Amino acid sequence: MKIKLTFWRVVFLVIMALGIYSTIIRYSRGLGTATNMSDQFPWGFWIGFDCLCGVMLAAGGFCIVGAVYLFNVRGLHSVVRPAVLTAFLGYLLFIVGLLFDLGRPWFIWHQLIYMNPRSVMFEVGMCVMTYTTVLFFEFLPNVFERFNLHTPIKWIHKIYPVLIVLGILLSTLHQSSLGSLYLIMPSKLHPFWYSPALPFFFFASAVAVGLAMTIFESTQSSKALGRQLELSVLVRLGGALLVALWVNALLRFEDYFHRGLLRQIVRPSYEAYFLWLELALSFVIPITLLSFKKIRLSPNGLYLASVISLFGFITNRLNVSVIGFETYVGHHYVPKWTEFSVTLMIVAMGFALFRLAVQYLPIFPKEELVSEQLDAELLSKVKTVTSPAVPALENAGN
Amino acid sequence: MGKALLYDSTMCIGCKQCEQACADQNKLPYSEAIAAESVQSAHKYTVVLTKGDKFMRRLCMHCEHPACASACPVGALHKTKEGPVEYDVWKCIGCRYCMVACAFNQPKYEWGSLNPRVRKCIMCPDRVVAGKQTACAEICPTGATKFGDRDDLIKDAQERIRQNPSTYLPRIYGLNEVGGTCVLILAGVKVEEFGYPASEKIGDTPMPEYTGRVMEKVPDFIPVWSLVLGGIYWISHRRDEVAAAEAEERAREGKNGSTR
């Protein structure tokens with residue numbers, strides 16, 4: 001078999017080579033050599049991006065599963081599998097990132113025997129372990145189907161309601177607990193980002209990111225696989241994203257209003273610049289874009305708005321974890337190239353694994369097979385009852 | 001009865017014998033070069049800072065309600081009833097949440113190590129349990145660092161302020177800060193000048209309460225939220241079942257009608 005060397009494959013190989021080199025430095029020289037973290041900055045880019053953003057970007061799994069299976073929203077079935085796959089990969093890679101960041105990763109199992117239920121980090125750890133397991137089971141039918149193993153699929157169908165409820169419960173806890181982590185540092189984190197409402201913000205933004213991420217990955221994979229884009233699905237997700245962004249923006253505004261910070265946030269300062277960047281990318285630009293019907297009905301417009309908002313929320317997580325501490329610490333923290341290169345490697349692994357999975361597993365079934373989902377019989381019965389209202393939009397968009 | 005340290009900076013002569021004794025007690029290296037270091041680190045648990053003719057010690061405050069201990073996911077850090085906040089290296093997984101959680105930035109890390117540990121003053125727990133003073137208090141030639149019961153030390157400090165009001169600022173740093181600490185500081189200048197966090201910034205609320213308010217809701221949240229989610233699932237799927245059953249019935253009726 002001959003493998004063609006395309007541009008992206010070369011980029012991938014370069015990223016992997018640098019990443020492996022950085023990995024060797026990390027495990028042979030220690031955190032001090034591999035990172036710019038210090039006693040003043042004990043948490044750096046790996047916590048800020050790999051952990052906070054990694055988990056946030058995996059939120060599509062519980063959002064879509066929740067919409068489709070919990071609220072029984074019609075017409076989103078085709079994005080369930082890619083969303084679950086993204087979440088599963090996201091959590092696996094988050095754990096990989098954690099193995100780099102933890103000082104003594106070989107003792108990670110201590111979490112299971114030396115429990116401190118008062119610790120937010122304990123909650124985070126338990127949620128990671130249990131939710132990754134749940135995602136594994138939600139992902140498993142893809143593999144069984146690939147090898148035509150029907151009996152185990154039936155078993156998983158039986159426990160599916162439990163998996164769904166557990167998955168959403170754990171995601172609620174996990175997404176919000178990443179915000180709760182920072183509640184213990186009221187004197188350290190800048191007031192622009194320290195708020196008693198942090199857990200709510202982290203959860204609410206995860207929902208928005210879950211929707212944006214699903215639009216992003218559906219568009220990406222349809223491009224990569226030369227598949228026809230299901231505009232009706234994207235349009236519905238886009239509408240939901242617009243609502244989620246508004247809710248998030250209002251929550252943030254309420255918070256600043258109640259804490260009397262409205263004047264401070266408009267006054268130029270180091271933190272204000274980063275806050276403006278965050279608010280512009282996560283709210284102002286995508287909300288403005290999505291407010292135009294023309295954009296809301298075009299695949300490119302939806303893609304653009306989603307990607308911009310994703311960058312906005314990534315900025316938010318980095319502001320909370322890095323920028324918000326710089327004034328307190330009194331100096332800047334800039335990640336070392338090895339930190340970036342490890343993160344890039346993990347992200348590249350994510351893209352590659354996603355690509356492999358969609359190629360070899362029935363993640364995107366043929367259009368007719370979409371209904372061959374977990375509640376296939378039920379859906380076929382209901383199909384006659386509910387008339388999808390979206391094809392009209394599809395025509396309008398084209 | 002909780003033990004504590006009272007550090008009276010007006011009595012300190014900056015001899016740094018406490019640094020030396022601390023290093024010996026904890027088997028840390030100590031040299032002239034290390035003595036000259038004016039920051040705490042993994043190999044320097046306590047430091048005597050100099051500013052003009054004023055001195056100030058820094059060390060772990062041994063909070064009554066330590067943020068580090070509440071933050072640690074594996075309980076590697078814990079408050080003993082004698083007062084010290086101890087560290088169990090075996091349990092530690094190296095997440096460094098204790099370091100970010102500490103309002104006084106006391107836990108330090110062995111960044112160069114391949115099996116790094118969190119390092120901080122642990123208030124000589126072996127000595128304290130054996131009824132002895134901490135190494136730093138024992139060696140102090142002027143009594144600037146004094147070891148004793150926390151309540152007694154507070155009375156002592158209040159007495160000193162009352163007798164020499166011109167020498168001291170009228171406050172005991174650590175009396176109420178973050179809910180009280182087991183290191184109490186008396187000074188003629190503001191301790192903030194030496195890098196201590198301002199009292200009004202850290203407040204009197206124990207830091208674990210900020211996360212505790214959320215964490216205490218989790219045990220209730222789990223069953224309630226599960227029920228809500230399960231309920232939503234049931235309702236939304238029940239609707240389908242009913243709709244499907246009705247559709248089937250209609251279909252059957254239709255068939256019956258046509259045959260008739």
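# Briefing: strand pairing, helix packing and the A–B contact

Strand S1 (residues 3–8) of chain B runs parallel to S9(B), and the two pair over 4 bridges. The model is predicted. Chain A and chain B touch each other, with 45 residues from chain A and 51 residues from chain B in the contact.

- Opposite B:Leu5 stands B:Val183 in S9(B).

**The S2–S3 hairpin of chain B**

- S2(B) and S3(B) are paired in the antiparallel sense over 5 bridges.
- The two strands form a hairpin with 2 residues between them.
- B:Gly52 lies in the turn and has a positive phi of about 65°.
- B:Lys51 is found opposite B:Lys54 in S3(B).
- S3(B) is largely enclosed by the rest of the structure, because 4 of its 5 residues are buried.

**Helix H1 of chain B**

- The buried residues of helix H1 (residues 17–25) of chain B include B:Cys18, B:Glu19, B:Ala21, B:Cys22 and B:Ala23.

**H5 against H15 in chain A**

- Helix H5 (residues 80–101) of chain A and helix H15 (residues 337–360) of chain A have axes that come within 10 Å and cross at roughly 150°.
- H5(A) and H15(A) are therefore roughly antiparallel to each other.
- Their crossing is right-handed.
- From H5(A), the contact includes A:Leu85, A:Leu89, A:Leu93 and A:Val96, and from H15(A) it includes A:Ile346, A:Met349, A:Leu353 and A:Phe354.
- The residues of this contact are 11 nonpolar, 3 polar and no charged.

**H9 and its two partners in chain A**

- The axes of helix H9 (residues 198–225) of chain A and helix H14 (residues 299–329) of chain A come within 9 Å, crossing at roughly 135°.
- H9(A) and H14(A) are therefore oblique to each other.
- The crossing of H9(A) and H14(A) is left-handed.
- Among the residues that meet here are A:Ala208, A:Ala212 and A:Phe216 in H9(A), and A:Leu302, A:Leu310 and A:Phe313 in H14(A).
- The contact of H9(A) with H14(A) divides into 12 nonpolar, 5 polar and no charged residues.
- H9(A) also packs with helix H10 (residues 231–258) of chain A, at an angle of about 155° and with the axes 9 Å apart.
- H9(A) and H10(A) are therefore roughly antiparallel to each other.
- The crossing of H9(A) and H10(A) is left-handed.
- This contact includes A:Phe200, A:Ala204, A:Leu211 and A:Ile215 of H9(A), together with A:Leu234, A:Leu241, A:Leu245 and A:Arg252 of H10(A).
- The residues of the contact of H9(A) with H10(A) are 17 nonpolar, 5 polar and 1 charged.

**Where chain A touches chain B**

- The contact between the chains takes 45 residues from chain A and 51 residues from chain B.
- Helix H2 (31–34), helix H6 (110–113), helix H7 (120–146), helix H8 (150–180) and helix H16 (376–383) of chain A each give at least two residues to the side that touches chain B.
- H8(A) provides the largest share of that side, 8 residues.
- The side of chain A that touches chain B consists of 26 nonpolar, 14 polar and 5 charged residues.

**A:Leu183**

- A:Leu183 is in the loop between H8 and H9 of chain A.
- A:Leu183 is buried, with 25 other C-beta atoms within 10 Å.
- Leaving out residues up to four places away in sequence, A:Leu183 touches A:Leu198, B:Tyr210, B:Thr211 and B:Val214.
- A:Leu183 lies 87 residues from A:Val96 in sequence and 26 Å from it in space, C-alpha to C-alpha.

Conventions: Residues are numbered from 1 along each chain as its sequence is written. Chains are lettered from A and ligands numbered from 1 in the order in which they are written. This is a predicted model: local features need pLDDT of at least 70, side-chain atom pairs count only at pLDDT 80 or more; totals for chains, interfaces and linings use all residues. Axes are lines fitted to C-alpha atoms, for helices over the stretch in contact, and angles run from 0 to 180 degrees between N-to-C directions. Angles under 35 degrees count as roughly parallel, over 145 as roughly antiparallel, 65 to 115 as roughly perpendicular and the rest as oblique. A crossing is left-handed if the near helix is turned anticlockwise from the far one by less than a right angle, and right-handed if clockwise. Two residues are in contact if their C-beta atoms, placed from the backbone, lie within 7 Å. Ala, Val, Leu, Ile, Met, Phe, Trp, Tyr, Cys and Pro count as nonpolar, Asp, Glu, Lys and Arg as charged, and the others, Gly among them, as polar. A residue is buried if 20 or more other C-beta atoms lie within 10 Å of its own, exposed if 12 or fewer, and partly exposed in between; C-beta atoms are placed from the backbone. Two strands pair if DSSP finds at least two bridges between them.
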